[in-house]
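Here is a friendly tour of a protein model. Have a look at the picture first, then follow the notes below it.

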Amino acid sequence: MVVGFFPLLARSRLPAVLAPRFVIGLALTILGLGFAIWARVHLGRFWSGMVTLKENHELIRSGPYAFVRHPIYTGLITAAAGTALARETFAALLALGLIGVACWLKIRAEEKLLTNHFGDQYREYRRQVPALIPFVR
């Protein structure tokens with residue numbers, strides 16, 4: 001009889017919005033987007049959608065850039081992974097793959113440009129700070 005008062009207790013599965021994979025996926029999506037936004041704001045005037053240097057460009061190593069060299073991409077990939085986990089669709093997995101490839105291509109171009117411009121200063125940064133995953137080299 002108690003089950004009659006609480007229909008959720010009689011279900012064999014949790015509603016999709018309460019399923020652990022959905023909650024974890026949503027949390028990853030929010031954390032990833034938050035990290036990407038923090039990185040974008042922290043980069044300030046040095047940010048560009050194109051791989052380029054700004055006038056008087058400086059190497060930013062503080063804020064999220066102290067944890068990873070490419071925190072905007074870390075955040076976007078994390079958000080896409082969270083979405084794929086929460087949604088469990090082929091489209092979400094495809095989007096994660098496409099975002100991963102796009103970020104990898106931009107990282108290669110950015111690393112080359114920054115190494116050419118900053119030389120040993122950027123090489124040292126590369127030795128000290130991982131590209132995408134904090135604390136993993």
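In helix α5, the buried residues are Ala 92, Cys 103, Ile 107, Glu 110, Glu 111, Leu 114, Thr 115 and Phe 118. Buried means under 20% relative accessible area, exposed means over 50%, and partly exposed lies in between (1.4 Å probe, protein chains only). Helices (H or I, at least four residues) and strands (E, at least two) are DSSP runs, numbered from the N terminus.

This is a predicted model, where local features need pLDDT of at least 70 and side-chain atom pairs count only at pLDDT 80 or more, while totals for chains, interfaces and linings use all residues. Residues are numbered from 1 along each chain as its sequence is written, and side-chain values use heavy atoms, with hydrogens and water left out.

**The whole chain**
- The protein chain has six helices and zero strands, giving the pattern α-α-α-α-α-α along the sequence.
- Of its 137 residues, 29% are buried.
- Among contacts (heavy atoms within 4.5 Å) with a separation of 6 or more, 66% are between residues 24 or more positions apart.

**Helix α5**
- Just after α5 comes Gly 119, with a positive phi of about 60°.

- Glu 110 sits in helix α5 (residues 90-118).
- The side chain of Glu 110 does make a polar contact with the side chain of His 70, at 3.2 Å.
- A polar contact is a pair of N or O atoms within 3.5 Å; within protein, one must be able to donate a hydrogen and the other to accept it, and residues adjacent in sequence count only if both atoms are side-chain atoms.
- Leaving aside residues up to four places away in sequence, Glu 110 touches Val 51, His 70 and Tyr 73.

**Salt bridges**
- A salt bridge is a side-chain nitrogen of Lys or Arg within 4 Å of a carboxyl oxygen of Asp or Glu, and this rule gives a count of five.
- One of them joins Glu 88 and Arg 21, whose closest N and O atoms are 2.9 Å apart.
- This pair links distant parts of the chain, 67 residues apart: Glu 88 is in the loop between α4 and α5, and Arg 21 is in helix α3.
- Another joins Arg 126 and Glu 111, with the closest N and O atoms 2.9 Å apart.
- Arg 126 lies in helix α6 and Glu 111 in helix α5, so this pair ties together parts 15 residues apart in sequence.
- Glu 111 is buried, at 8% relative accessible area, whereas Arg 126 is partly exposed at 39%.
- Arg 69, Glu 111 and Arg 126 are linked in a network of salt bridges.

**Aromatic pairs**
- Rings of Phe, Tyr and Trp (its six-membered ring) pair if their centres lie within 6.5 Å; planes under 30 degrees apart count as stacked, over 60 as edge-to-face and the rest as tilted.
- The whole structure holds two aromatic pairs.
- Phe 35 and Trp 38 are edge-to-face, 5.8 Å centre to centre with 70° between the planes.
- Tyr 122 and Tyr 125 have ring centres 5.7 Å apart and planes at 65°, so this pair is edge-to-face.
- Both Tyr 122 and Tyr 125 are buried.
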